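Good morning, colleagues. Please have the sequence and the model open while I speak.

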Amino acid sequence: DLLVKAGANILTANVEKDPSLQGLSEDERIYEVWARGRRCLGLALPEAFLPQLEDQLDRIHACGVARLSLTFGNVMVDAHDGSPWLIDLEGSTDYGSRTGILFDHERDRDRQKYNQIYGRTLLTEQQARQALRTRLADQYAPVDFGRGLATYGFWNTDSGTGRWDYLNSRVVAPLVAGKRVLDLGANNGVMDLMMLKAGAASVVALEYSPAYVEMAKTVHQLFEWRDIKRYAFTVHQKDMRAFLTESFGNIDVVTAFCSLYYLEPDEMAAIIRRAAELVPVLILQAKTHARPEAGEKAGKSTPEYLSELMKSNGFPIVECFAPSGFTRPILVGRRQ
């Protein structure tokens with residue numbers, strides 16, 4: 001009704017007699033009606049209306065319900081505050097879970113149909129796979145987003161989700177659950193999202209490379225889409241040394257996964273001292289087998305070197321987690 005008042009000629013009684021639609025197939029007529037409605041959306045509804053409707057779509061999908069009827073006539077406007085309500089759900093299906101092949105397929109069809117009707121760009125499976133080929137093609141840390149969506153090398157335990165599954169989840173997850181984390185040297189953000197999936201309250205990350213910052217934003221977007229869940233993740237395009245002079249809000253834990261040793265020794269010590277001023281726990285990931293050409297960095301990346309640096313700069317209690325044969329040990333420093 002609101003679209004019609006705004007000038008959209010979309011009512012069935014009028015469309016059936018519309019000479020401009022004669023000769024079109026049924027699908028073509030439907031697409032033209034949708035186009036007429038889309039052209040009047042901005043006149044009939046506030047800018048926030050469609051984002052609110054998309055949030056409701058996500059909440060319904062998060063309950064394991066899909067196969068929704070998303071046409072204009074099945075959206076009501078709350079007379080009190082103007083918010084949307086999706087109605088007419090008798091044709092929908094409750095899959096009992098938000099995972100599974102059938103649910104994924106029908107959820108994706110809902111999102112495709114919504115984009116067609118309302119002219120939006122909600123992420124779909126096809127777009128997600130395109131993002132892997134373009135925006136994440138040159139990533140360093142492989143990512144497994146689940147259910148067949150993964151970048152090349154996701155099985156590697158040396159980095160990415162493979163590293164998280166092999167060691168980091170066992171050590172880091174219990175330490176960040178419910179905590180606000182500051183991550184130094186985020187790379188493509190995979191460890192940050194893994195911490196959030198494991199229950200971290202929020203993660204703020206610093207990453208120097210603009211290319212990796214954009215990758216981290218893509219990883220964030222894809223995990224929120226895949227999991228139908230919002231993750232409180234913010235990435236700043238900044239050198240990790242910004243931690244020494246800038247505030248990034250209230251934090252409980254500082255992490256640096258195979259990144260701190262890229263700095264000079266005095267800079268590493270300064271960052272550890274700064275962490276000791278702010279948080280009770282510091283988590284560092286070391287590297288035991290550096291390439292010969294790494295030079296001085298090879299020495300700075302060892303668990304022995306990092307452990308001594310932590311102990312002498314505010315974290316006297318240091319625990320090392322180093323499975324046999326694994327080259328990326330984790331150090332957990334505590335102030336007491």
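I shall discuss a sheet, the helices beside it, and the cavities. Please bear in mind that this is a predicted model.

Let me begin with the sheet. Seven strands make up an open sheet with mixed pairing, and their order is β9-β8-β7-β10-β11-β13-β12. The edge positions belong to β9, residues 233–237, and β12, residues 317–321; each has a single partner strand, so one side of each is left without a neighbour in the sheet. From one strand to the next, the twist averages 15 degrees.

Turning to another helix, α12, residues 303–311, lies across β11, β12 and β13. Its course is at about 10 degrees to β13.

I come now to the cavities. How many cavities of 30 Å³ or more are there? The count comes to two. The largest has a volume of about 50 Å³, and its lining consists of Asp104, Arg107, Asp108, Arg111, Glu125, Trp225 and Arg226. Two elements, α5 (101–118) and α9 (210–227), each give two or more residues to that lining. The largest share, four residues, comes from α5. By class, the lining of the largest cavity holds six charged residues, one nonpolar residue and no polar ones.

Thank you for your attention.

Conventions:
Residues numbered from 1 in each chain as written. Predicted model: local features only at pLDDT ≥ 70, side-chain atom pairs only at ≥ 80, totals over all residues. Heavy atoms only, no water. Pairing = 2+ DSSP bridges. Axes fitted to C-alpha atoms, helices over the stretch in contact; angles between N-to-C directions. Contact = heavy atoms within 4.5 Å. 1 Å grid on protein atoms, 1.4 Å probe; cavity = no way out; pocket = protein on both sides within 12 Å on 5 of 7 lines; lining within 4 Å. Points joined across faces, edges and corners; volume = space filled by probe spheres on them. Nonpolar A, V, L, I, M, F, W, Y, C, P; charged D, E, K, R; others polar.
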